[in-house]
Amino acid sequence: MGLQLGGMYFEQTCKSYRIEKDSFGEMKIPADKYYGIQTLRTVVNFPIGDTYERIPFRLIVALGILKKAAAAVNKEYDLDPKIADAICQAADEVINGKLYNHFPLIIWQTGSGTQTHMNANEVIANRAIEILGGELGSKKPVHPNDHVNMSQSTNDIVPSAMNVALALEIHKSLLPGLICLCRALRKKCEEWENIIKIGRTHLQDAVPLTLGQEFSGYAMQVENGIERVKDTLPRLYELGIGGTAVGTGLNARKGFAEKTVAKIAQLTSLPFVPAPNKFEAMASHDDIVEAHSAFNTVAVSLMKITSDIRLLGSGPRCGLGELSLPENEPGSSIMPGKVNPTQCESVAMVCCQVMGNHVAITIGGSNGQLELNVFKPVIIANALRSARLLGDVCANFVKNCIEGIVPNIENIKRNVDESLMLVTALNPYIGYDKAGVIAQYAHKEKITLRESALKHGITAEQFDQWVRPEQMLGPK
């Protein structure tokens, strides 16, 4: 409703406006806005959701990058240098976020992203017109289609912008967050390499390991996640720009694709290359589906890690209580002194969102028809959201949880001493069956494993020699 009311307000009651025309008629455009009639029609026609569902900032930045690169290349052909330079200057302002308020459109629009693409064309054209001293909305001397969109189509620009946007988000948000988390977990592995604790399988007592070994599993999960994400990048780096409407390159100049992609690589410092098959690059988004599959796997890993840490920190007196998590804020409006594992819960909720995003992306990616996928806005919005959320929550988890975790040595030692599964160390000496009898007897009679062993023919010296937790941490 916010967008609808905003659009209707601008059209009907704005005191300062200009008139623009298209094949559907006239509309009043707010005089201080760089967008044009196509953008405003979309504001009016798609009053869906709230303002937070705007097209993501990173995609707008990517469109600015592509438009700047295209203008620079078109200048090498036959685009008037003054017009090309003005387009580049306007595109720079899109890239640095100065003009983001002139991009009001939401995700829920045409599946090709045409309206958002034209929003970019109109904003850049009108800002370029202003730079050159012209009148906004006049399309003179800069036309949004003829000049800003020269040698381009929505159908090759939007998919290319999607890849650029996601690659940038991966490098700026996701990978730094994951690397930060991996390093923090590795540091804990080193700090806790000699703290022996009881392992658990099926949530039941198992044989010992060190706290460092336990956290090494978490660190490896994150490290593998980093590599999975990196493995998807080569496909994201392939851009379909230059394919224009259906992949044939109609109305594009020879060499435009190669030169423009080279310019994009220069502007982003990322190794973008022309897609080897532009029909595939425009008709599908398998590259983004693949990338988000890696995000989804990262979410699965983080859910496991944070759930384990939450369990190990449960208590503080009536749970496992092997870890003391940082106490960041009060946890209850009724129970004084209660502190909750809020950072773990934050990570878990992000993981839930990413998994949900993956469902939407999977459905969207699988439903492209013929020469064009028409689920582009929802695919890229969800992918960008996942990358940003995962990157942010990893960095926050390190700062507000991982770095401040302290092992509760007393509880850890007591759990090791009381565990019946230390009986496993007796297997090589007395066999599985007899060891099982000793463990079950200790459990039934509520006595220690040592006491049970002595009642079943094991000497104290033998037990103390054979059952040593520090010797149960690896193969012999």
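Lysine 446 counts as exposed, at 74% relative accessibility, where exposed means over 50% relative accessible area, buried under 20% and partly exposed in between (1.4 Å probe, protein chains only). Lysine 446 has a positive phi of about 55° although it is not a glycine. Its place is the loop between helix 16 (432-445) and helix 17 (449-455); helices (H or I, at least four residues) and strands (E, at least two) are DSSP runs, numbered from the N terminus.

The model is predicted: local features need pLDDT of at least 70 and side-chain atom pairs count only at pLDDT 80 or more, while totals for chains, interfaces and linings use all residues. Residues are numbered from 1 along each chain as its sequence is written, and side-chain values use heavy atoms, with hydrogens and water left out. The protein chain has a mean pLDDT of 94, and 97% of its residues reach 70 or more; pLDDT is the predictor's confidence in each residue, from 0 to 100. Over residues 1-12 the pLDDT is below 50, and this stretch has 21 contacts in the model beyond near neighbours in sequence, a contact being heavy atoms within 4.5 Å.

Another residue with a positive phi that is not a glycine is histidine 202, at about 60°. Histidine 202 lies in the loop between strand 3 (196-201) and strand 4 (204-210), and is exposed, with a relative accessible area of 77%.

Two peptide bonds also deserve attention. The bond from lysine 140 to proline 141 is cis, with omega near 0°, and proline 141 sits in the loop between helix 5 (114-131) and helix 6 (144-148). The bond from glycine 315 to proline 316 is likewise cis, with omega near 10°; proline 316 belongs to the loop between helix 11 (286-312) and strand 7 (323-324).

In soluble globular proteins, nonpolar side chains tend to be buried together. A nonpolar core is a set of buried Ala, Val, Leu, Ile, Met, Phe, Trp, Tyr and Cys residues joined through side-chain atoms within 4.5 Å. Of the 119 residues in the largest nonpolar core, Leu166, Phe272 and Ile309 touch the most other members. Helix 7 (residues 154-191) gives the largest share of this core, 18 residues. Leaving aside residues up to four places away in sequence, isoleucine 309 touches Phe215, Tyr218, Leu325, Cys344, Phe397, Ile402 and Ile405. A second, separate core of 17 residues includes Leu426, Ile430, Leu449 and Val467.

The pockets come next. On a 1 Å grid over the protein atoms alone, a pocket is an open set of points where a 1.4 Å probe fits, with protein on both sides within 12 Å along at least five of seven lines, and lining residues have an atom within 4 Å of a point. The largest pocket has a volume of about 460 Å³, a volume being the space filled by probe spheres set on the points. Of its 17 lining residues, the closest to the centre are Tyr52, Arg54, Pro56, Ala381 and Arg385. Helix 3 (57-76) and helix 13 (376-400) are the elements that give two or more residues to this lining, and helix 13 provides the largest share, six residues. By class, the lining has 10 nonpolar, one polar and six charged residues; Ala, Val, Leu, Ile, Met, Phe, Trp, Tyr, Cys and Pro count as nonpolar, Asp, Glu, Lys and Arg as charged, and the others, Gly among them, as polar.

The second largest pocket holds about 380 Å³ of space. Of the 17 residues that line the second largest pocket, Gly313, Gly315, Pro316, Glu327 and Val339 are the closest to its centre.
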